[in-house]
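Please open the model in your viewer and keep the selection panel at hand.

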Amino acid sequence: MKHNYLIENADFAVVQLTIEKILKENNFLDATINYYDMQEVTLDKALEDLDTYGLLTNKKVIVITNFLEVELTDTINLERLVKYVKSEVFENILIIVTNKFVVKDNKYLKELKKNLVAINTELDPVSYIKDELKGYKLEIGVINMINEACLGDFTKIQSECSKLKTYKYMDKAINKSDVLDLVVKKMGDPTDLTFSFVRALALKDKREALTLYQNILDYNVEPLSLIGLLASQFRIMYQVMVLERKNTRTSDIAKILNAKEYRITKTKELTKYYTEQEILNLIIKLSDIDLKIKTTNSDPNLLLQLFILNI
């Protein structure tokens with residue numbers, strides 16, 4: 001089996017966990033690992049390393065990060081890389097890491113992607129938190145609090161769990177007050193807040209929805225922009241529900257909708273609160289509000305607050 005892999009993910013913690021999994025499955029945990037960041041070095045440096053034998057062991061792992069930062073006009077080295085991944089090299093493991101591998105009509109990138117094993121990096125944040133806090137007694141609700149505070153950012157989850165473990169090292173017990181005291185909530189962008197807002201609407205928690213609405217306004221998001229964000233979220237929910245009925249996997253839904261797997265996973269948590277018709281009705285209501293704002297002197301904030309209160 002050829003040892004050439006592709007990781008499409010920007011989260012440092014997820015990438016490191018995936019690399020560790022690859023090495024474990026291939027019995028390469030004792031191998032030398034060399035990293036080459038294409039934002040700092042040229043591709044030929046990594047290629048030289050791939051062609052060089054190790055001094056102490058035949059096993060070698062080469063990780064090329066920020067791969068698509070490589071100059072695509074460097075056809076000589078891209079051709080060399082394609083020839084390498086097509087060859088039978090069992091002593092090395094090559095791992096290419098990039099946020100998203102887009103071939104851009106480049107024949108070398110097309111060949112490269114065809115000959116790399118794409119690794120599924122989809123992780124469950126709840127399971128990840130449980131594993132990180134293994135050995136600690138957890139108050140009910142702690143895991144969900146950490147997950148909500150970190151918004152699916154595995155690097156932040158790792159950092160916050162480490163902080164909690166250090167703080168409660170003596171008694172090995174973590175409660176919700178510890179999370180409130182230590183874990184810094186990641187506010188995210190308006191889209192993340194909009195997701196929380198939609199969930200509050202789904203739960204008919206009008207007080208929380210009004211609070212989140214104000215938080216979104218604090219980002220200087222105009223009412224018309226907020227309507228667009230809400231409509232976009234409801235449209236994604238509708239599309240996810242349709243694809244779920246066809247038993248489409250989360251990773252495939254993400255590719256079809258050109259969205260992050262985390263957002264699709266979180267969206268699927270909301271679909272159970274609505275029927276498809278209810279979602280369509282909400283999209284229509286938002287369209288009506290949008291029309292009133294554009295064609296009358298109605299107060300946009302009042303219209304949105306009434307929308308919340310009438311859910």
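## Helices H2 and H3

Select helix H2 (residues 43-50) together with helix H3 (residues 75-86): their axes come within 10 Å and cross at roughly 30°. That angle makes H2 roughly parallel to H3, because angles under 35 degrees count as such. The crossing in which H2 passes H3 is left-handed. This is a predicted model.

Now show the side chains at this contact. On the H2 side, select Leu-43, Asp-44, Leu-47, Glu-48 and Leu-50. Their counterparts in H3 are Asn-77, Leu-78, Arg-80, Leu-81 and Tyr-84. By class, the residues of the contact of H2 with H3 divide into six nonpolar, one polar and three charged.

## Helices H11 and H12

Move to helix H11 (residues 223-245) and helix H12 (residues 250-257). The axes of H11 and H12 lie 11 Å apart, and the two helices pack at an angle of about 130°. H11 and H12 are therefore oblique to each other. Viewed as a crossing, the H11 and H12 pair is right-handed.

Which residues meet here, in H11 and in H12? From H11, pick Ile-236, Gln-239, Val-240, Leu-243 and Glu-244; from H12, pick Ile-253, Ile-256 and Leu-257. The contact of H11 with H12 is made up of six nonpolar residues, one polar and one charged.

## Asn-147 in helix H6

Next, select Asn-147, which is found in helix H6 (residues 142-150). Is Asn-147 buried or exposed? Its relative accessible area is 5%, so Asn-147 is buried.

Display what surrounds this residue. With neighbours within four places in sequence left aside, Asn-147 is in contact with Pro-125, Val-126, Ile-129, Gly-152 and Lys-266.

## Asp-131 in helix H5

Go to helix H5 (residues 125-132) and select Asp-131, which lies in it. Asp-131 has a relative accessible area of 45% and is partly exposed. For a distance check, pick the C-alpha atoms of Asp-131 and Leu-151: they are 17 Å apart in space, while the two residues are 20 apart in sequence.

## The cysteines Cys-150 and Cys-161

Select Cys-150 and Cys-161 and show their sulfur atoms. How many disulfides does the model have? The count comes to zero disulfides. Cys-150 is in no disulfide, and the nearest cysteine sulfur, that of Cys-161, is 7.0 Å away.

Cys-150 counts as buried, at 0% relative accessibility. Cys-161 also has 0% relative accessibility and counts as buried.

## The whole chain

Along the principal axes, the C-alpha atoms of the chain fill a box of roughly 75 × 55 × 35 Å. Colouring by accessibility instead, 43% of the 311 residues of the protein chain count as buried.

Technical notes: Residues are numbered from 1 along each chain as its sequence is written. This is a predicted model: local features need pLDDT of at least 70, side-chain atom pairs count only at pLDDT 80 or more; totals for chains, interfaces and linings use all residues. Side-chain values use heavy atoms; hydrogens and water are left out. A disulfide is a pair of cysteine sulfur atoms within 2.5 Å. Buried means under 20% relative accessible area, exposed over 50%, partly exposed in between (1.4 Å probe, protein chains only). Helices (H or I, at least four residues) and strands (E, at least two) are DSSP runs, numbered from the N terminus. Axes are lines fitted to C-alpha atoms, for helices over the stretch in contact, and angles run from 0 to 180 degrees between N-to-C directions. Angles under 35 degrees count as roughly parallel, over 145 as roughly antiparallel, 65 to 115 as roughly perpendicular and the rest as oblique. A crossing is left-handed if the near helix is turned anticlockwise from the far one by less than a right angle, and right-handed if clockwise. Contact means heavy atoms within 4.5 Å. Ala, Val, Leu, Ile, Met, Phe, Trp, Tyr, Cys and Pro count as nonpolar, Asp, Glu, Lys and Arg as charged, and the others, Gly among them, as polar.
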